[in-house]
Amino acid sequence: MTTTPLAPTPPDRGAAPVRPGPRLRSSRSGARRGGVPVTGAPAERRARRSPLLTALTGIVLVYSVVPLLWLVINATKTQGDLFTSFGLWFSDDFSLWSNLTETFTYDDGIFLRWLLNTLLYVVLGAGGATALAVLGGYALARFDFPGKKAVFAVVIGAVAVPGTALAVPTFLMFSQMGLTNTPWAVIIPSLISPFGLYLMWTFATDAIPTELMEAARVDGASEFRVFWQICLPLLMPGVVTVLLFTMVATWNNYFLPLIMLKDPDWYPLTLGLNAWNAQASTAGSEAVFNLVITGSVVTILPLVAVFLLLQRYWQSGLAAGSVKE
Amino acid sequence: MKNTNRRNRWLGAVAVAAVGALSLSACGSGDDSASGGEQVSADAVDAALEEGGTLTVWAWEPTLEKVVSDFEAEYPNVDVELVNAGTGNDQYTALQNAVSAGKGVPDVAQVEYYALPQFSLAGSVSELSGFGAADLEDTFTPGPWSSVQQDDGIYGLPMDSGPMAMFYNQEVFEEYGIEVPTTWEEFMQAGRDLQAADPDVYITNDTGDAGFATSLMWQAGAQPFASEGEDVTIEFSDEGAQTYADTWQTMIDEELLAPISSWSDEWFSGLNDGTVATLVTGAWMPANLESGAPDGKGDWRVAPMPQWEAGAETTAENGGSSLTIPTDAQEKELAYAFLEYANVEDGVQTRVDGGAFPATVAEIESDEFVGKEFPYFGDQKVNEVLSESAGQVAEGWSYLPFQVYANSIFNDTVGQAYVSDEPLADGLAAWQEQMTEYGEQQGFSVS
Amino acid sequence: MAVQQPIADRAPRNRRRWTGWGFLAPFVAVFALVFLAPIVYSVHLSLFRDQLIGGTSFVGLDNYTQVLGDDAFWESLTRVGLFLVVQVPVMLLLALLVALAIDSGRLYGASFFRISIFLPYAVPAVVASLMWGFMYGDRFGLVGNVNDAFGTSLPDPLSPTWVLASIGNIVTWEFVGYNMLIFFAALRTIPTSLYEAASIDGASEWRVITSIKLPAIRGALVVATIFSIIGSFQLFNEPSILQSLAPNAITTDFTPNLYAYSLSFSGQQYNYSATVAIVMGLVTMVIAYVVQLRGMRKEL
């Protein structure tokens, strides 16, 4: 997912600043969101709720949620019941707890190791990717320098080349550097988030008043200090947004680790789950589809939790970053 | 292949140099001693065991875990690192990548028989005659033993084997009054009868499986693949291949095969609930049935593989793998010691106890092995049937030196017969054509 | 890539020229390592041919000529082209409608809708494909359950006729919420003064949508479209994981990316595989560029 594509639309500095604050919406969370002051009431006029519209949107909701329900329901079934009971309802045995226990203890508790690996990759990979994207986006938004236009064109061009086919060249290079089968082989490629760069570029263009930077410079602050003390706090909503997107990308990273890692001790969760899934097809091995399903639920939960906890941040960040007129 | 290795290393270095991150120094080639067949005495192997060291083993076979811990207990100076680098193709990719990169190559690698020619021909795995493997001819059953040989060299020691038999659900057969088929003709009729009785019940499943199809041809006496050095022959016109194609065409036309891919969750469901009534497959299947289809306990039985001609007693191998020593391995003496321990000595019994089907004559013929009763199979002495099959494997079969690729495009070509009106024969022709094209691109002379 | 602060007595303007690079340098350095170097290497690889017998030789542009005449490649490109033309509009339209619905303030529990529809994006593609693969089973999966329960005979989602649509469904499921959120966020930044003016003019809801909302989020629409185009052309995870369930329907050359993958991983044809990847990259860039030009022109 480091190949998240992006739009080659350079931010237009002359654009009127968009209003970052949410308009008042009839939804309660809208009014509560963030510390952003809630502005005028014109939206109130459209507060009439429509059951028909709700029902229609509900179809999409059902479409989105039913597969997840299926996953959760099937996480409560034993390997045997998986095959014999109706997919969208519980079987007689409620085995969620035993599945969970087994997931975390199977094969000497390797699942926990995978979980910790994933956390490591997310902290270093997504954290690093965010840092690089913030610095780079800030540079693109706030400075003129030779080659600036070319940078973005090159980034986009590179992203268009299918990553799967670059896996072997990347592997051979990393192997020469002695990085394969180490966490670095997963972390280093995760450090690039072109979409993050794009988001930070647009965000930094709008969020930082030029006068503020100039004032600090006049006071003799170094460029780094200007960035760190003046600009970074203003960029925080964008930073959180990019962090969340890179987290998803790293958490869900599958293909590159597949090529780079041989030792299951370094697997992230996605690779481990796939290995469990493939295990059924190995002569002499156990089929553990129930653990694959339960493990999948466990894999998704932390991301869902983070989304829910941080949604007010990332929505305001995204808003400022995604729109250019 | 030596060339290839160096080339890849060199290219790797070029790319690295392009970023200015590394010098070219990493491209020194490994020692070239291996390709000519090393001479390593038994004493040298023993000395290596005494001295000890660290051994990296890439294998996915689950029973090796116990073997490794026993081995380490027996030779305390040796530290074995058992790595599951993926099953089958995934591991070959990893191995190929490591060989290309010239780094991170394991000391021992599990390689299936069908894939072995690809590695031996490329010189990626060591020739083992000089290690003493030449003396082991009588140790192994003929099928696996011939599978580890290529152009008079021995490139691995057989770990397990898959002489084929028919696993069938007796409960289902009894319910619908089906006799156990002894020929493919009867097998087909049984399929018709089952379908007539209950359209949900199939005699077996098949969506096109290269390993299964080649095994059936093998049993029918076909020899579609032959190779000697750089000369490769691919030909599906012999009688055996025709027999297979005709019979299977009928099976497909009459929709007697459940359209379920093997190893999918649906497949396990079908085995579990009796809608897939038989499996004609390798002798390693019992352990998978027990774990994957627990509800079938007591219902399943094993019978000899159906025959192409009534009264014949010919079988084929399906699956099975060997342990090999990559050419770039660091600890070859130690590696060979491990191979012997796991595949010839004490490790064999350990693996048999773990549910594996051995490739060694002594174990296959031992009373304890043959007489073992399997509760899953209603206390049937399953190994009686399986051991017998091991002795009946048709001779003269060989795989292509690029069988991994060939099998990967099986479903692109032959597989189309399962989902369209295209005849199986056309599919085989298309398969042959693409294999030929690939072989020629790889520098073989294909006829 | 000069990172150092330049000599102190340079003009401030000049100094800032290089400061920009200083901030950008870490990104560029890593980018060069993980993107540019492999691409350079691939271009290099694409000029050679390696054989199991006979080793490597320089072949110039032969691999490129071969790609241009390779039916398997064109078929796979046509297939993702079809996918692109059908799936992308469906997904984006759905996302847009939901975004407009939530933005309209007429929904009960709008925030619940927003987060729930977005949730599938948190599901790794691997898990999503495994999960839908389970459900697609027409014997024991959800499709089979539905057939049993209602006596219907839904077509097998994994048959050659339907498999592309089934993959499209998975991709739509994964990304509809993500795109919805991009649109929704864009909608939220429209200044309220515009609505006030529309309200005074007595504009209908429909008119507000076509005259205010859609023009305002055109940028986001173009971004999402380009994303989706590149995503479609790089379609890999979903078909690759479903392949074991539908081996005859999802061939090794089902999508260009899958084709490049199997060339390189099953066939050891690194050179040809690299060529396919580069050609695909070029095709993707051209199409993304054209879409961007069109999208931006309309905006003016």
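Chain C has a radius of gyration of 24 Å, whereas a compact globule of 300 residues would have one near 19 Å. The model is predicted. Chain B meets chain C with 37 residues, and chain C answers with 35 residues. Chain B itself divides into two domains under the domain assignment, domain 1 (40-161 + 321-370) and domain 2 (164-318 + 375-446).

**Chain C: extent and content**

- The C-alpha trace of chain C spans about 85 × 80 × 30 Å along its principal axes.
- Chain C holds 13 helices and two strands.
- Buried residues account for 55% of the 300 residues of chain C.
- Take the contacts in chain C with a separation of 6 or more: 66% of them link residues 24 or more positions apart.

**Chain A: an all-helix chain**

- Chain A has 13 helices and zero strands.
- Of the 325 residues in chain A, 54% are buried.
- For contacts in chain A between residues at least 6 apart in sequence, 73% join residues at least 24 apart.

**Contact of chain B with chain C**

- Chain B gives 37 residues to this contact and chain C gives 35 residues.
- On the side of chain B that touches chain C, six helices of chain B each supply at least two residues: helix 1 (2-19), helix 4 (89-101), helix 11 (265-273), helix 18 (403-408), helix 19 (410-413) and helix 20 (416-419).
- Helix 1 of chain B gives the most to that side, eight residues.
- The side of chain B that touches chain C has 16 nonpolar, 16 polar and five charged residues.

**Chain B: two domains**

- The C-alpha centres of domain 1 and domain 2 of chain B lie 28 Å apart.
- In the contact between them, 20 residues of domain 1 of chain B meet 22 residues of domain 2 of chain B.
- On the side of domain 1 of chain B that touches domain 2, two or more residues come from each of helix 4, helix 5 (116-121), helix 6 (142-147), helix 15 (361-365) and helix 16 (367-370) of chain B.
- Helix 5 of chain B has the largest share of this side, three residues.
- By class, this side of domain 1 of chain B has 11 nonpolar, six polar and three charged residues.

**Chain B: an open three-stranded sheet**

- Three strands of chain B form an open sheet in the order 9-10-15, with mixed pairing.
- Strand 9 (225-228) and strand 15 (445-446) of chain B are at the edges; each has a single partner strand, so one side of each lacks a neighbour in the sheet.
- Strand 10 (residues 231-234) and strand 15 of chain B run parallel and are joined by two bridges.
- B:V232 has B:V446 as its bridge partner in strand 15 of chain B.
- Helix 21 (residues 424-441) of chain B packs on this sheet and touches strand 10 and strand 15 of chain B.
- The direction of helix 21 of chain B makes about 170° with that of strand 10 of chain B.

**Chain B: a buried strand**

- Strand 12 (residues 278-282) of chain B is largely enclosed by the rest of the structure, because five of its five residues are buried.
- Strand 7 (residues 164-169) of chain B runs antiparallel to strand 12 of chain B, and five bridges join the two.
- The bridge partner of B:Y168 in strand 12 of chain B is B:T278.

Definitions and conventions: Residues numbered from 1 in each chain as written. Chains lettered and ligands numbered in written order. Predicted model: local features only at pLDDT ≥ 70, side-chain atom pairs only at ≥ 80, totals over all residues. Contact = placed C-beta atoms within 7 Å. Helix = DSSP H or I, 4+ residues; strand = E, 2+ residues; numbered from the N terminus. Nonpolar A, V, L, I, M, F, W, Y, C, P; charged D, E, K, R; others polar. Pairing = 2+ DSSP bridges. Axes fitted to C-alpha atoms, helices over the stretch in contact; angles between N-to-C directions. Buried ≥ 20, exposed ≤ 12 C-beta atoms within 10 Å, placed from the backbone. Domains from an automatic or database assignment. Rg over C-alpha atoms; globule rule 2.2 N^0.38 Å.
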